[in-house]
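Welcome! Let's take a friendly look at the sulfur links in a protein chain. Have the sequence and the structure ready as you read.

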Amino acid sequence: MKFLLAELKRQPPPPLQWIGSEAWIIDPEILRFNMCAGAIGFGIPRSVIPGLREFLLDLSPEQALKSPPLTEFWESSFSCSLKGSSEGARECDGSEDIRALQNPYTDTSQLRATNMVYKATYATAHAIHGVICNDTQCDKSAKFTPWQILNQLKRVNFTTKNGFQVSFDSKGEPVATYELINWQLKKYGGLDFVTVGYYDSSKPRSQEFSISRAIIWVGGQTEVPRSVCSESCPPGTRKAVQKGKPVCCYDCIPCAEGEISNKTDSLNCIRCPPEFWPNTKRDSCLPKPVEFLSWNDTLSIILTVFSITGAFIAVCVAAVFYKHRTSPIVRANNSELSFLLLFSLTLCFLCSLTFIGQPSEWSCMLRHTAFGITFVLCISCVLGKTIVVLMAFRATLPGSNAMKWFGPPQQRLSVLTFTLIQVLICVLWLTTSPPLPFKNLKHYKERIILECGLGSAISFWAVLGYIGFLALLCFILFITFSMLIFCAVWVTFIPAYVSSPGKFTVAVEIFAILASSFGLIACIFAPKCFIIMFRPEQNTKKHLMGKLPSKSL
């Protein structure tokens, strides 16, 4: 370190924060390098050994001559020779005063390793004492082996005169105690050792280390310096090395969509599992919210109200028709098919409720099949009424017996036949590839759409196609405003159904069911109920026979 710092003194580097090892952080000779101001490191605790300074200052030339190290120290300190031990130097004359010296020898305020030797010597003395002495006397002539001393050394436990506790654990380790040393500038220049903290392994857990005073860092800073080219990348980002720069220089790149990093300075981001999605910080994967048309949604509540209202209206119309079942206008409109039509319309309104709520196996199979069958029953009734009207027109021609071929039995059979065909399609659908709930993970990245899979797309479009075929047949045979509305709703339904996202797909389907059902009940039954309730004078056979057949059937 001395050689290194001497070279750096000739070629000063930028300000550096030095972290010293125990070997040089407590070396007084290195304090002369002011470039190390702010250096910090752990060192052996310093201590004052009682009586040591006085002992050293009482050193005489005769005592120094008995020890080669002391002889060398004496001669180098006073530049003289003791008893001609050094050639070419003047002989020491006894006027040398060791108390007047200002060198590390006389400075006993920074004794660190010396204190360790002091404690080790006393520990050995206590061990020997434990071997040769008993409770009453000591046998100084007793012989002993090193292993006896070692065993006794493990059991020593005493406090030195300068207050240090000496003992060893089961592994033979002493209590680890260190001082945190900080090199700080003195008021009048130069550096000084300043103890700013302590470490004591005998203290309770998390209390071993403590800071006793402020640390002065490089440049006189009181805040901890940052010795990095780039700050650490927080969770949610990954490290990307900057080209042409050291590896410690990097950019923090946010994780891509659907990926996270849950560690600091992550090199790569991790993709979340299919049913999970990153949080806003992108440091953890959270379960994706599951979306479906639940009963609590405002849209569901609105559609439910309309569905129940429609069913209630159909029941009320049926009640009005039943009360006035003997009236000419009810009898003229084929009361049997009218009641069956009102019943099927009630089911159409109510079947829309099966589309609301969390999809399950039974609800997925019920919603599509119930919708398909009830609508075919409804359209079959309308088709039957349409054919009845056409037959009524033909019956007015001379010699025609058209009504004979399409009486009530044939009407019932036609409705049953048309409906059974749809039932057969639905049975095939449910037995081959039924609609079941599945989690749609492709439409939205950040949430799951829980919906009813079609199972067999061919069966689904066969059900819709059959309804459309019957509706188109009704429309062609007898153009009515009700069928015009019905066909318009379902023609616009197809593109809206295909393009609507998530739960709105179900809402579009419910809307189409309700709109077409309201269209049928409004166009077919509203005029008749108006006449029954508010124009009873027109509800007569004479009045009906005096007009052309209504095209609102």
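Predicted model: local features only at pLDDT ≥ 70, side-chain atom pairs only at ≥ 80, totals over all residues.

A search of the whole structure turns up 7 disulfides, and three of them are described below, among them the link of Cys80 and Cys92.

**Cys80 and Cys92**
- These two cysteines are joined by a disulfide with an S to S distance of 1.8 Å.
- Cys80 and Cys92 both lie in the loop between α5 (68–78) and α6 (113–132), so the pair ties together parts that are 12 residues apart in sequence.
- The link of Cys80 and Cys92 is right-handed, with 85 degrees about the S-S bond.
- Cys80 is buried at a relative accessible area of 2%, and Cys92 counts as buried at 15%.

**Cys229 and Cys249**
- Here the S to S distance of the disulfide is 2.0 Å.
- This pair links distant parts of the chain, 20 residues apart: Cys229 sits in the loop between β7 (209–211) and β8 (237–241), and Cys249 in the loop between β8 and β9 (250–254).
- This link is right-handed, with 110 degrees about the S-S bond.
- Cys229 counts as partly exposed at 42% relative accessibility, whereas Cys249 is buried at 5%.

**Cys364 and Cys452**
- A disulfide with an S to S distance of 1.9 Å joins Cys364 to Cys452.
- The torsion about their S-S bond is about -80 degrees, so this disulfide is left-handed.
- Cys364 belongs to helix α11 (residues 361–395) and Cys452 to strand β16 (residues 448–452), so the pair ties together parts that are 88 residues apart in sequence.
- Both Cys364 and Cys452 are buried.

Notes: Residues numbered from 1 in each chain as written. Heavy atoms only, no water. Disulfide = S-S within 2.5 Å. Helix = DSSP H or I, 4+ residues; strand = E, 2+ residues; numbered from the N terminus. Buried < 20%, exposed > 50% of the residue type's maximum accessible area, 1.4 Å probe, protein only.
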